[in-house]
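Notebook open, structure loaded. I want to go through the fold, the charged pairs and the rings, in that order.

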Amino acid sequence: MADDVRETRPARQAAPPKAGSRVRMSFSQRREQLIAVGRQLFAERGFDATSIEEIASRAKVSKPVVYEHFGGKEGLYAVVVDREVTSLLTRITTALTAGHPRELLEQAALALLDYIEEETNGFRVLVRESPVMSSSGNFSSVLNDVAHQVEHILGAEFKTRGYDPKLAELYSQALVGMVALTGRWWLEVRKPRKETVAAHLVNLCWNGLSHLEAKPALLTRKDKK
């Protein structure tokens, strides 16, 4: 019946967004976007050379949006660094599962090199200069946290071997500093392969610790007080 025949029309589809139009984000989405943009720029240029204008431009927002979320460049930088510090420390603490001290050294060295390889921008942020007002959250403070963990391991080992456990802090700073500086070098050259770098670092650390003198003295200043 003609009266019962109805024309079937296709469902109306939403028009695609116009080229160049901004995608609306929720507050938390925009915050995460700005953190990602800031992380990239701080890694590329450092804190001082990065401007609010550049952050806003790359995120395709106005400057007031950045201020609304972080209060300024310093606030954004603090959030970026805090996340990287947490990420690196979590990697290292989770990696330390072995019982033997040499294996613990291997795990710590590999955890740092893994972080450098997989989170290169984050590592660059940490090792670049930090703002004058920042007393913590830079690479030195991260290394101090790691060194305190190594200090506990060395302290127990020193007692077992008859060395002064009070010197464990000195040795932990030296060992962590050596691994960190080597990591900064490896960040640029990326050779030899990560596992080889870790093996040689542990070789130097472990064999040096294995042949420690109980009371070392300087040959160049012998008998001088």
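Before anything else, my burial rule: I call a residue buried under 20% relative accessible area, exposed over 50%, and partly exposed in between (1.4 Å probe, protein chains only). This is a predicted model, so I take local features only at pLDDT of at least 70 and side-chain atom pairs only at pLDDT 80 or more, while totals for chains, interfaces and linings use all residues. Residues are numbered from 1 along each chain as its sequence is written, and side-chain values use heavy atoms, with hydrogens and water left out.

**Fold**

I looked up the secondary structure and got 9 helices and 0 strands. Helices here are DSSP runs of H or I with at least four residues, strands are E runs of at least two, and both are numbered from the N terminus. Of the 225 residues in the chain, 37% are buried. I then checked contacts (heavy atoms within 4.5 Å). Taking those between residues at least 6 apart in sequence, 65% join residues at least 24 apart. The accessible surface is about 14,500 Å², and carbon and sulfur atoms hold 53% of that. I had that area from the Shrake-Rupley method with a 1.4 Å probe; for residues, only the protein chains shown count as cover.

In the model, residues 51-70 are 80% helix and 0% strand, with the end C-alpha atoms 14 Å apart.

**Salt bridges**

My rule is a side-chain nitrogen of Lys or Arg within 4 Å of a carboxyl oxygen of Asp or Glu. That gives 12 salt bridges. One of them pairs Glu-84 with Arg-39 at 2.7 Å, N to O. Glu-84 sits in helix α4 (residues 73-95) and Arg-39 in helix α1 (residues 27-45), 45 residues apart. Buried or exposed, Glu-84 and Arg-39? Both Glu-84 and Arg-39 are buried.

Next I looked at Glu-118 and Arg-91, which meet at 2.9 Å, N to O. Glu-118 is in helix α5 (residues 101-118) and Arg-91 in helix α4, so this bridge ties together parts 27 residues apart in sequence. Glu-118 is partly exposed at 49% relative accessible area, and Arg-91 is partly exposed at 24%.

Glu-188 and Arg-124 form another bridge, 3.1 Å from N to O. Glu-188 belongs to helix α8 (residues 168-189) and Arg-124 to helix α6 (residues 120-127), so parts 64 residues apart in sequence are tied together. Glu-188 is exposed at 53%, while Arg-124 is partly exposed at 25%. I also noted that bridges with shared partners join Arg-39, Glu-84 and Glu-119 into one network.

**Rings**

Rings of Phe, Tyr and Trp (its six-membered ring) pair if their centres lie within 6.5 Å; planes under 30 degrees apart are stacked, over 60 edge-to-face, the rest tilted. I found 6 aromatic pairs in the whole structure. Phe-42 and Tyr-77 have centres 5.2 Å apart and planes at 85 degrees, so they are edge-to-face. Phe-42 is in helix α1 and Tyr-77 in helix α4, 35 residues apart. Phe-47 and Tyr-77, at 5.0 Å and 70 degrees, are edge-to-face as well. Phe-47 and Tyr-77 are both buried. Ring pairs link Phe-42, Phe-47 and Tyr-77 into a cluster.
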